Amino acid sequence: MSIDLQTVKKIASLSRISVTDTEAEAMVPELNNILGWVEQLGEVDVSGVEPMTAVIPNHQRLRDDVVTDGNVRDKVLANAPQAEHGFFAVPKVIE
Amino acid sequence: MTESTYRIQGATGEWEVVIGLEVHAQVTSNAKLFSGAATAFGAEPNTQVSLVDAAMPGMLPVPNRECIRQAVRTGMAIDAQINKWSRFDRKNYFYADLPQGYQISQLYHPIVGEGQIEIVLDEKNPEASTKVIGVERIHVEQDAGKLMHDQHPTSSYVDLNRSGVALMEIVSKPDMRSPAEAGAYLSKLRTILRYVGSCDGNMDQGSMRADVNVSVRRPGEAFGTRTETKNVNSVRFVMAVVEHEANRQVDVLEAGGKIVQETRLYDPDRNETRSMRSKEDAHDYRYFPDPDLLPLELDDAFLEECRQSLPELPDAKRARYVNDLGLSAYNATTLTADADTARWFEALLAQGARIQKKSEGEVAKASANWLLSELYGALNRLGKSLDESPVGPEEGAELLALVADGTISGTIAKQVFEIMLETGARAPAIVEEKGLKQTSDTGAIEAAVAKVLADNADKVAQYKGGKEALFGFFVGQTMKAMQGKANPQVVNELVKKGLAG
Amino acid sequence: MPSALSLSKGCTFLQEGLGFDRLSPNGVRILTDLTDLTVAEIRNGFRGGDFSAREVAEAFNANVTAAKALNAFIVETPEKALEAADAADKAKAAGDSLGALAGVPIGMKDLFCTQGVQTTAASHMLEGFVPTYESTVSGKLWAAGAGMLGKLNLDQFAMGSSNETSYYGNVISPWRRAKTDGGRGDNAALAPGGSSGGSSSAIAARLCPAATGTDTGGSIRQPAAFTGISGIKPTYGRCSRWGIVAFASSLDQAGPMARTVRDNAILLEVMSGFDPKDSTSLDLPVPQWEANLSSDLKGKTVGIPKEYRPDGLNAEISALWDRGIEWLKDAGAQVVEVSLPHTKYALPTYYIIAPAEASSNLARYDGVRYGQRDLPDGAGLQDMYAATRAAGFGPEVKRRIMIGTYVLSAGFYDAYYTQAQKVRALIARDFELAFEKCDLLLTPTAPSASFALGEKQADPLAMYLNDVFTVPASLVGLPAMAIPGGLDSAGLPIGLQVIGKALDEQTVLNASLAIEERAGFTARPDKWW
């Protein structure tokens, strides 16, 4: 499964990382090299093997339904590049 | 089981509509699905946000037991497969209302599998108009935050109060075939959720909203391409979306066009749907199991508690009302359509049985009739809902008991009820104070009958000449003379006797 | 034992606050630089009144200030170190109970969120980000009395094996190739390893006695090996991940780095423990690892995985491994050969799973709530994301996000991600079977000694191969420790790795202690900075 320039651009777009044509072109052999290498996994016989779900046997604990957090708007907004009137602000979105 | 005959008459012939609903229902809980922030509606922006909800670096999710429990109970309420092993997946996309850059949801292993919901299309004729709609799955996921576009000319504002609130996504099978079926399904689902207590069903506050999948086809042919209209927030709008979208699709197809699988938005002001291109490029969600969470494994004790805590559900309740209480199918359906109504009715029954020392079955019919006609009529007039009723179940039961034991007549009962609504006084006190007790004093009634007959000698003659319908007239006049307080049965007998004399 | 810098009957250094004196067994006063002391020695010396916590903090602060050339710190916090030291001195004077690390200053990898102190993950993306919260692990360290010398440099978002991906510049290893090495000796700047390269460099250069690290595929162990120190990655779930900038959630584990096994045990005890805020945290008591340290390995069986000795394995590494086997035998252990047949697939498995998780974990860096924002004129929301992320992430981070995005994308998920998780299950089974025959495994830590900065940068794959021996234990969450074993012919440290059964850090520490005692590794880099 070799990837081309078009695919690199598509992945970049899905990743929300803008790339110039030159950057994208440079990434084609680089990513192909890495992907070609990881594809050796395809040769492993995994029939009857379940994908790993938990690294160390452990079970999911559940929290009690109690309000223990919130009311920390100052902390939530403290590092915001743009915060106005208690909101985060972003470029206008047209839905 | 009924087959829908709903068809759209196109220029080229008939079209059948195929509908599936994905309903997002906010789980009733104090805290969010993965954080300890509150879920209450209407708080100041970004005040109900924890650092987890804001997706600060290094923040991690821990699931809320109550949200899991409510999803399981909901699944049990629709007879669904409960998956003891499920897990959370990440749905990856970028949007300003999604701080993590992914929504924690369940794609591969949802907590609830297939179930079903029975809908009734004609409440007056429930047996003949019942249809079973399949439910594909229910999974638990995070809600997104909210974007506000109208506060600033060049910026949108982000409020994360809803970010991370628990939702159940309840996905139906494409089993509905008409706007009415879609509406009935959503209403019934809402009823069930409110019975179970897993969602408050407040559609105007966004606690429940539906993504409406619509396609059309020639009857009997394969499914057509569907569109998905997002975030429709009332039963009426769901029906309107189906109708509008189906007609739009028929127009497109008959004009030789093709339906594009797309996300659409409903505009209730214009009653139309439009394409929502802004979300189109986000189709590759790259779902994968959330590595911050472990698989969710439910033990038997947890499931048993969920099952034990389920209330009697609307279908069972309706059947019991018909079979055990002897109510009409229509009344049973109406009384069980809403958890609050049924609760009120059952309180009325319990009080009635207690006061009258009878079984609930014996007081059921009169209670149902009074609730559905007298009480509902009054509340309608007052513009109040049942839980705002000035007259409670115990007060209502006292009033009905006075009728049942012959203390007052039905007519007087209506007057007493009006006074109760106005003054808040209780029925026995009103009857006592105003002297409204009906009399069985035959002497007084005989005197009144005699006077009525004497005053209406012409009508007596007509009656005797065969116009027996006048009997009611004499009874009415006597009752009027007695100011409504005479025992109607005694009046009947004495009028008969007087006319025979 | 701390190395003796000078012998003196007087005590001039003491007055300058740079050292302390004590009597050697033969009654000679030995003046020791405080920054040569181990954590245990600082702890004990402070409690015993040999020196004050402030003296220790000042000594390390001075070393930090003098070592800019190493670029080990992104932010220096001398005032924090002094503040904790003064608190310790005060508590001691008042006779209050002292925390396990009272009087001990440490370095904090800049992947741990520290309240009020900029936390960057060595990325431009988080430049200026000041957390309003403290990570669980760093919070435990401060609560135990430790003081913070500063935030240590690292590979950007912990992605790298040479510390060359930091936005804040390369960390330089204090080590240099010996001039005596057959003409190869040079002054080339060497890699301190990665991603915890700031930690390893700072400890080796005596800028701090210990530091935190995090290990996703070897990020504690490989830098420890490159710089002649030791470090342990505990069982996955021992240390809370809450408040640590995430790289790959199913692999990330915090752990200590220090110069001795004992110091690692001391720190690990403080850093470990159940955290209800981390769903993957293990709800188990923390063992008394330090108290139970013992280099007696009688009754233990050491497995030697044959797949870790591929053709072409560096001869000096191979020879060290053989010496390590002898040391463990000498400590009383049995040695058996075991097989981990899927070893060769561990690295490709890792390079699917780690980027996949990272691509999603790093989606939150979008310029909306914190960190950098790049908003070109007239840009919409999605343009802002793309511009912010293009400007904020370095090339290696972008590369891994792109790979991760690709392997999760529609049509490829099963072939890559699901397949990798299945192979991961097979790798776990390999270890289970091996541990039926033995109690621990001994392997090299890295396939080579440190290399020159820039040497492998052009070839990502060559860089990835550095983690070949460390990644398998990461994939299955096992405790593993790197221990220095000696110097290679270029005078650079090379080390061994001990891998244990899940939750059996004690055996890992004990075997490492046995190696430490026998290797007698006392080499240290000559100060050039």
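Author: Gladly! Let us begin with a record: UniProt, in an unreviewed entry, places the feature "domain: Asn/Gln amidotransferase" at residues 343–499 of chain B. Its positions are given in the numbering used here, feature names are shortened, and annotations may be inferred rather than shown by experiment. This is a predicted model, where local features need pLDDT of at least 70 and side-chain atom pairs count only at pLDDT 80 or more, while totals for chains, interfaces and linings use all residues. Residues are numbered from 1 along each chain as its sequence is written, and chains are lettered from A and ligands numbered from 1 in the order in which they are written.

Reader: How much of residues 343–499 of chain B is helix and how much is strand?

Author: That stretch is 74% helix and 0% strand, with its end C-alpha atoms 49 Å apart. Helices (H or I, at least four residues) and strands (E, at least two) are DSSP runs, numbered from the N terminus.

Reader: Into which domains is chain B divided?

Author: Domain 1 covers 8–306, domain 2 covers 312–434 and domain 3 covers 442–500. These bounds come from an automatic or database domain assignment. The C-alpha centres of domains 2 and 3 of chain B lie 32 Å apart.

Reader: What makes β4 and β15 of chain B a pair?

Author: Two strands pair if DSSP finds at least two bridges between them. β4(B), residues 89–92, and β15(B) have 2 bridges in the antiparallel sense, so they meet that definition. Within this pair, B:Asp89 stands opposite B:Pro289.

Reader: Why are β5 and β15 of chain B said to stand at the edges?

Author: The open antiparallel sheet has the order β5-β4-β15 in chain B. β5 (102–105) and β15 (288–289) each have a single partner strand, so one side of each is left without a neighbour in the sheet.

Reader: How many residues of chain B are in contact with chain A?

Author: 42 residues of chain B are in contact with 32 residues of chain A; contact requires C-beta atoms, placed from the backbone, to lie within 7 Å. β9(B) gives the most to this side of chain B, with 5 residues.

Reader: Which strand of chain A pairs with β9(B)?

Author: β2 of chain A, residues 87–91, pairs with β9(B) in the antiparallel sense over 4 bridges. A:Pro91 stands opposite B:Ser155 there.

Notes: Contact = placed C-beta atoms within 7 Å.
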